[in-house]
Amino acid sequence: MKSKKIEFTGSQGDSLSAKLDLPEGDEQKGTVLFAHCFTCSKNLKVMSNITSILAQMGFATFRFDFTGLGESDGDFSNTNFSSNVDDLVAAYKYLESEGHSPAILAGHSLGGAAVLQAAHQMDSVKAVATIGAPAHPAHVREYFSMHLEEIEEKGEAEVTLAGRKFTIKKQFLDDLKEARMSRFIKKLDRALMIFHSPIDNTVGIDNASMIFNAAKHPKSFVSLDEASHLLSNDKDSKYVGKVLATWAEKYI
């Protein structure tokens with residue numbers, strides 16, 4: 001897999017770090033725009049595994065760090081779910097300007113919820129895939145439930161997520177409350193693939209059911225059996241890559 005390092009301007013005017021992973025040879029089936037999970041980065045192993053398989057099967061993948069995360073500039077505390085959606089749209093517009101308009105949109109965890117909303121602003125996208133996605137962005141409130149009172153009273157709080165400290169502001173919580181997913185899912189008007197593990201302890205399998213029931217056909221569900229939420233076992237993320245590529249070929 002060949003990778004190009006790229007920088008583009010995000011929704012808040014910051015420089016965002018990205019990678020365009022390309023298949024070997026000249027023939028390319030299409031481009032996948034991929035959104036990472038909450039407080040993660042484009043360099044998470046699950047992302048690399050999936051994009052590597054996609055490259056082997058002829059797909060280019062554009063993955064990037066949301067504002068304030070990974071190698072991207074910006075202040076994470078000033079971001080929210082809506083700004084993530086806007087960052088995705090900014091990434092789409094960049095790809096469009098470079099002649100790589102994505103046909104497939106994919107997202108992991110909260111990134112999955114973001115792609116369900118962002119797809120409506122992406123004319124070239126024919127199919128959308130979610131991996132362990134919550135049916136409602138407000139689900140992430142559970143990650144810092146012990147700090148909710150402090151955030152409401154003081155306007156912000158420092159929380160530890162996956163061993164790293166982040167400042168969460170009240171505007172982040174308020175934005176989550178405003179997000180309305182069902183209408184976006186019902187009007188997706190694209191093919192939908194839902195990947196989810198039945199033993200996901202971070203985002204329960206009931207979320208996959210709610211997304212599936214709200215969506216119109218064509219829609220598909222793939223059970224990830226004993227996979228963890230972060231697909232920490234390489235075989236699980238590589239399986240997702242293979243199934244995603246095979247399914248996506250029908251829509252390009």
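Student: Where does D225 lie?
Tutor: D225 lies in the loop between strand 10 and helix 8; helices (H or I, at least four residues) and strands (E, at least two) are DSSP runs, numbered from the N terminus. The model is a predicted one, in which local features need pLDDT of at least 70, side-chain atom pairs count only at pLDDT 80 or more, and totals for chains, interfaces and linings use all residues. Residues are numbered from 1 along each chain as its sequence is written, and side-chain values use heavy atoms, with hydrogens and water left out.

Student: What phi does D225 have?
Tutor: D225 is not a glycine, yet its phi is positive, at about 50°. Most residues other than glycine have a negative phi, and most peptide bonds are trans.

Student: Is D225 buried or exposed?
Tutor: D225 counts as exposed, at 53% relative accessibility. The classes are buried (under 20% relative accessible area), exposed (over 50%) and partly exposed in between, with a 1.4 Å probe and protein chains only.

Student: And what is phi of D189?
Tutor: Phi of D189 is near 60°, a positive value in a residue other than glycine. D189 sits in the loop between helix 6 (182-186) and strand 9, and D189 is exposed, with a relative accessible area of 73%.

Student: Which peptide bond is cis, then?
Tutor: The bond from H217 to P218 is cis, with omega near 5°. P218 belongs to the loop between helix 7 (205-214) and strand 10.

Student: On to helix 8. At what angle does it pack with helix 1?
Tutor: Helix 1 (residues 45-56) and helix 8 (residues 234-248) pack at about 40°, with their axes 8 Å apart. Axes are lines fitted to C-alpha atoms, for helices over the stretch in contact, and angles run from 0 to 180 degrees between N-to-C directions. Helix 1 is therefore oblique to helix 8, since angles under 35 degrees count as roughly parallel, over 145 as roughly antiparallel, 65 to 115 as roughly perpendicular and the rest as oblique.

Student: Which residues of helix 1 make the contact?
Tutor: K45, V46, N49, I50, I53 and L54 of helix 1 make the contact, where contact means heavy atoms within 4.5 Å. From helix 8, the residues include V240, G241, L244 and A245.

Student: Which residues of helix 8 are buried?
Tutor: The buried residues of helix 8 are D236, S237, V240, G241, V243, L244, A245, W247 and A248. Their packing partners include helix 1, strand 4 (59-64) and strand 10 (219-223).

Student: Which residues are buried in helix 1?
Tutor: In helix 1, V46, M47, N49, I50, T51, I53, L54 and A55 are buried. These pack against partners including strand 2 (15-22), strand 3 (30-35) and helix 8. Just after helix 1, G58 takes a positive phi of about 95°.

Student: New topic: where is N84 found?
Tutor: N84 is found in helix 2 (residues 81-97), and N84 is buried, with a relative accessible area of 12%. Leaving aside neighbours within four places in sequence, N84 is in contact with F66 and L110.

Student: At what angle do helix 2 and helix 3 cross?
Tutor: The axes of helix 2 and helix 3 (residues 110-118) cross at roughly 65° and come within 9 Å. The contact is made by F81, N84, V85, L88 and V89 of helix 2 and L110, A113, A114, V115, Q117 and A118 of helix 3.
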